[in-house]
Amino acid sequence: MSNAENAGDDEQSFLSHLVELRTRLLKAVAVVLVILVALIPVANKLYAWLAKPLLEHLPAGGAMIATDVASPFFAPLKLAFFVAVFIAMPFILYQGWSFVSPGLYKHERRLAVPLLASSVLLFYIGCAFAYFLVLPAVFTFITSVAPAGVAVMPDISRFLDFALVLFLAFGLCFEVPVALVILVAIGAATPDQLVRSRPYTIVGAFIIAAVLTPPDVISQLLLAVPMCLLYEVGIFAARLLGKHSTDQADTPAA
């Protein structure tokens with residue numbers, strides 16, 4: 001086969017991959033849009049549910065405000081979009097997995113599936129942890145330190161941005177076990193090295209917690225302590241990975 005024919009085959013293969021990638025992206029976008037359309041009628045209820053931990057800790061007669069003219073419309077719509085992405089995340093990851101899995105080795109495919117499932121589950125758990133435990137603690141602190149004569153009336157858009165950042169921070173921090181397993185799987189670290197790095201990890205967890213949470217001890221502990229515990233879970237999972245690893249030569253998946 002000539003070089004020109006090889007180049008033509010490579011270009012055709014590249015174009016076919018682009019077409020498949022576009023198809024899977026369109027499917028993911030379509031699912032998000034369908035869920036978003038379904039959530040729009042209940043967008044205000046979603047926002048009320050999100051703001052519940054704050055409203056419960058406002059002083060008697062306290063309320064949220066909207067400083068921008070369009071905030072009462074765009075804030076619930078923005079929340080509905082992020083909830084749609086949140087709900088569709090397993091399908092989005094499945095589309096990504098379906099695109100890359102044919103080029104992986106068998107042992108990589110066996111490892112990738114539980115890692116993807118674990119990452120989604122841990123992210124959901126992190127967001128739930130932030131909503132049910134962290135947000136009430138944060139708002140209790142914020143309302144308790146307000147100076148006398150100051151009415152605590154948060155803006156709905158700024159509150160939404162704050163809550164989304166907090167959800168993202170806790171969701172990503174709960175991915176610690178997955179990150180450690182990946183590091184061990186690619187040979188960037190060993191379980192023994194992770195154990196020796198434990199003191200630095202504890203310090204780093206409290207530094208991250210101090211940066212991502214308000215300056216109160218409770219909310220910082222609510223992030224730092226789970227990160228330290230999840231680090232131990234990651235070490236345990238990495239040891240399990242080492243026990244089940246084999247020295248067989250890699251063979252491409254059929």
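Q: Which helix does Ser219 lie in?
A: Ser219 lies in helix H9. Keep in mind that this is a predicted model.

Q: Is Ser219 buried or exposed?
A: Ser219 counts as buried, because its relative accessibility is 0% and the cut-off for buried is under 20%.

Q: What is Ser219 in contact with, leaving aside neighbours within four places in sequence?
A: With those neighbours left aside, Ser219 is in contact with Val138, Thr213 and Pro214.

Q: Another serine, then. Where is Ser98?
A: Ser98 is in helix H3. At 13% relative accessibility, Ser98 counts as buried.

Q: And what does Ser98 touch?
A: Not counting residues up to four places away in sequence, Ser98 touches Glu20 and Arg24.

Q: What do Glu20 and Arg24 form with each other?
A: Glu20 forms a salt bridge with Arg24, and the closest N and O atoms are 3.3 Å apart. Both residues lie in helix H1, four residues apart, which is about one turn of the helix.

Q: Why would that spacing matter in a helix?
A: An α-helix has 3.6 residues a turn, so residues three or four places apart point the same way.

Q: Buried, partly exposed or exposed for Glu20?
A: Partly exposed, because its relative accessibility is 28%.

Q: How many salt bridges are there in the whole structure?
A: A search of the whole structure finds four. Among them is one between Asp192 and Arg239, where the closest N and O atoms are 3.6 Å apart. That pair links distant parts of the chain: Asp192 is in helix H7 (residues 191-196) and Arg239 is in helix H9, 47 residues apart.

Q: Are those two side chains buried, partly exposed or exposed?
A: Asp192 is partly exposed, with a relative accessible area of 44%. Arg239 is also partly exposed, at 37%.

Q: What about Arg198, which residue does its side chain meet in a salt bridge?
A: The side chain of Arg198 meets that of Glu232, at 2.6 Å from N to O. Arg198 lies in helix H8 and Glu232 in helix H9, so the pair ties together parts that are 34 residues apart in sequence. Arg198 counts as partly exposed, at 28% relative accessibility, and Glu232 is partly exposed too, with a relative accessible area of 31%.

Q: Change of topic: the largest nonpolar core. How many residues are in it, and which touch the most other members?
A: The largest nonpolar core has 55 residues. Tyr47, Leu50, Phe159, Phe167, Phe170 and Leu194 touch the most other members.

Q: Which elements give two or more residues to this core?
A: These are H1 (3-39), H2 (43-55), H3 (71-100), H4 (106-144), H5 (156-173), H6 (176-185), H8 (198-212) and H9 (217-244). H4 gives the most, with 10 residues.

Q: You listed Leu194. What is Leu194 in contact with, sequence neighbours aside?
A: Leaving aside neighbours within four places in sequence, Leu194 is in contact with Leu180, Val184, Ala189, Tyr231, Ile235 and Ala238.

Q: Which residues in H6 are buried?
A: In H6, the buried residues include Leu180 and Val184, along with Val176, Pro177, Val178 and Val181. Just after H6, Gly187 takes a positive phi of about 85 degrees.

Q: Pockets now. What volume does the second largest pocket have?
A: The second largest pocket has a volume of about 500 Å³. It is lined by 18 residues, and Phe82, Phe86, Cys127, Leu164 and Phe167 lie nearest its centre. H2, H3, H4 and H5 are the elements that give two or more residues to that lining.

Q: Last one. Where does Ile65 lie?
A: Ile65 lies in the loop between H2 and H3. It is partly exposed, with a relative accessible area of 30%. Leaving aside neighbours within four places in sequence, Ile65 is in contact with Met153, Pro154, Asp155 and Ile156.

Q: How far apart are Ile65 and Val181?
A: Ile65 and Val181 are 45 Å apart in space, C-alpha to C-alpha, and 116 residues apart in sequence.

Key. Residues are numbered from 1 along each chain as its sequence is written. This is a predicted model: local features need pLDDT of at least 70, side-chain atom pairs count only at pLDDT 80 or more; totals for chains, interfaces and linings use all residues. Side-chain values use heavy atoms; hydrogens and water are left out. A nonpolar core is a set of buried Ala, Val, Leu, Ile, Met, Phe, Trp, Tyr and Cys residues joined through side-chain atoms within 4.5 Å. Buried means under 20% relative accessible area, exposed over 50%, partly exposed in between (1.4 Å probe, protein chains only). Contact means heavy atoms within 4.5 Å. On a 1 Å grid over the protein atoms alone, a cavity is a set of points where a 1.4 Å probe fits but cannot get out, and a pocket is an open set with protein on both sides within 12 Å along at least five of seven lines; lining residues have an atom within 4 Å of a point. Grid points are joined across faces, edges and corners, and a volume is the space filled by probe spheres set on the points.
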